[in-house]
Amino acid sequence: MAQAQEFEKVLSGSDTSVAAFDEHKSAVRRIQHFLHSTPAAVPLIVLVLSIIIFGITIGGRFFSSYTLTLILQQIAIVGILGAAQTLVILTAGIDLSIGVIMVISAVIMGNCAVSYGLPSVIAVALGLAAGAACGLLNGVLVAYMKLPPFIVTLGTWNIVMATNFIYSANETIRDTDVDTQAPLLHLFALSFKVGTAVLTAGVIAMVALVLLLWYVLNHTAWGRHVYAVGDDQEAAKLSGIQTKKVLMTVYTLAGLIAAFAAWVSIGRNGSISPSAAVTDYNLQAITATVIGGISLFGGRGSILGTLFGAMIVGVVSMGLNMLGADPQWKVLLTGVLIIGAVAVDQWIRKVSA
């Protein structure tokens, strides 16, 4: 066996350990990583702090079961619309039309059941189908025509709102007529007691919908595709995801959920008014979504955060009302929360940069 050369003898005695770099994360860095991995944590913390602050300021009245369940009843419609908006924003889009889709779906349900005398089940099905069709139109324009979601849904917002007023002649369907001829439309007005708390079927529907979508987004391939499309659409396409199909289903599902919110709103409001199209339901849904930690850049956030965001707005509104504050304080605080939520999102996103 040949003897080792001189340089080989030197190498044999050298240190063979692999270099290692110990990263000592600061407390702030650890907080960033925690919030990045748990998107619903920030809105949950803000919600708890809001309840504590108003509870201390107002006293025991704020912690009564009546007050807390009333907040849930007031946010039921916004919470459902927020769930629809969350799906769209997760794909880095936005839907400005879901508010008017909800209204025209309610008008179709009411007219079919009360004015045309159709069975309530068919009326509800037609309303849900109308909402899904509006969402499908948005999906086609965004996915296949490759038009910007903001422009597309701004256009369909105007189209659907005008169609709503033309179709309905701006005539309100009265509560008594709905109750007499189509009691199924008031299904989500049903209430029941849990101890001293009074909950409505609309609140249960909102919570059930959010939990269902949370499971779908976190434990199905479709849910992972939604996040992937929002994070980087081109990369998702190269990895084999059918991005157009995902966008189509997201916008269609958002329209369907908006129509479901219409059914819940009939139970909540009693009557069906076409003029509800001019209200700020859509803005409230976007507000709940943003405050809930859903990134406007897409691909990050938890739908549970949207529910917490809606509850934050409800707690702030109820707390200020009980304090007798000027209503403009609610508007001011909502603006602060929106800007703060976006700032926190930008700070958290630095972790993945």
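Among contacts between residues at least 6 apart in sequence, what percentage join residues at least 24 apart in this protein chain? The share is 77%, counted over contacts in the protein chain, where contact means heavy atoms within 4.5 Å. This is a predicted model, in which local features need pLDDT of at least 70 and side-chain atom pairs count only at pLDDT 80 or more, while totals for chains, interfaces and linings use all residues. Residues are numbered from 1 along each chain as its sequence is written, and side-chain values use heavy atoms, with hydrogens and water left out.

**The whole chain**

- The protein chain has 15 helices and two strands; these are DSSP runs numbered from the N terminus, with helices (H or I) of at least four residues and strands (E) of at least two.
- Its C-alpha trace spans about 105 × 55 × 35 Å along the principal axes.
- Of the 353 residues in the protein chain, 46% are buried. Here buried means under 20% relative accessible area, exposed means over 50%, and partly exposed is in between, using a 1.4 Å probe and protein chains only.

**Two helices side by side**

- Two packed helices are described by the angle between their axes and the distance between the axes.
- Helix H4 (residues 65-90) packs with helix H12 (residues 243-269) at an angle of about 175°, and their axes are 8 Å apart. The axes are lines fitted to C-alpha atoms, for helices over the stretch in contact, with angles from 0 to 180 degrees between N-to-C directions.
- H4 and H12 are therefore roughly antiparallel, because angles over 145 degrees count as roughly antiparallel, under 35 as roughly parallel, 65 to 115 as roughly perpendicular and the rest as oblique.
- Residues that make this contact include Ile77, Leu81 and Ala84 of H4, and Ala254, Ile257 and Phe260 of H12.
- By class, the contact of H4 with H12 has 15 nonpolar, three polar and one charged residues. Nonpolar covers Ala, Val, Leu, Ile, Met, Phe, Trp, Tyr, Cys and Pro; charged covers Asp, Glu, Lys and Arg; the others, Gly among them, are polar.

- Ala254 lies in helix H12 and is buried, because its relative accessible area is 0%.
- Leaving out residues up to four places away in sequence, Ala254 touches Ala84, Val88 and Asp95.
- Ala254 and Cys134 are 120 residues apart in sequence, yet 9.4 Å apart in space, C-alpha to C-alpha.
- Gly301 sits in the loop between helix H13 (281-291) and helix H14 (303-323), and Gly301 counts as buried because its relative accessibility is 5%.

**Backbone angles to look at**

- Most residues other than glycine have a negative phi.
- Lys146 has a positive phi, near 55°, and is found in the loop between helix H6 (120-143) and helix H7 (149-168).
- Lys146 is exposed, because its relative accessible area is 54%.
- Ala169 also has a positive phi, of about 55°, although it is not a glycine; Ala169 is found in the loop between H7 and helix H8 (175-181).
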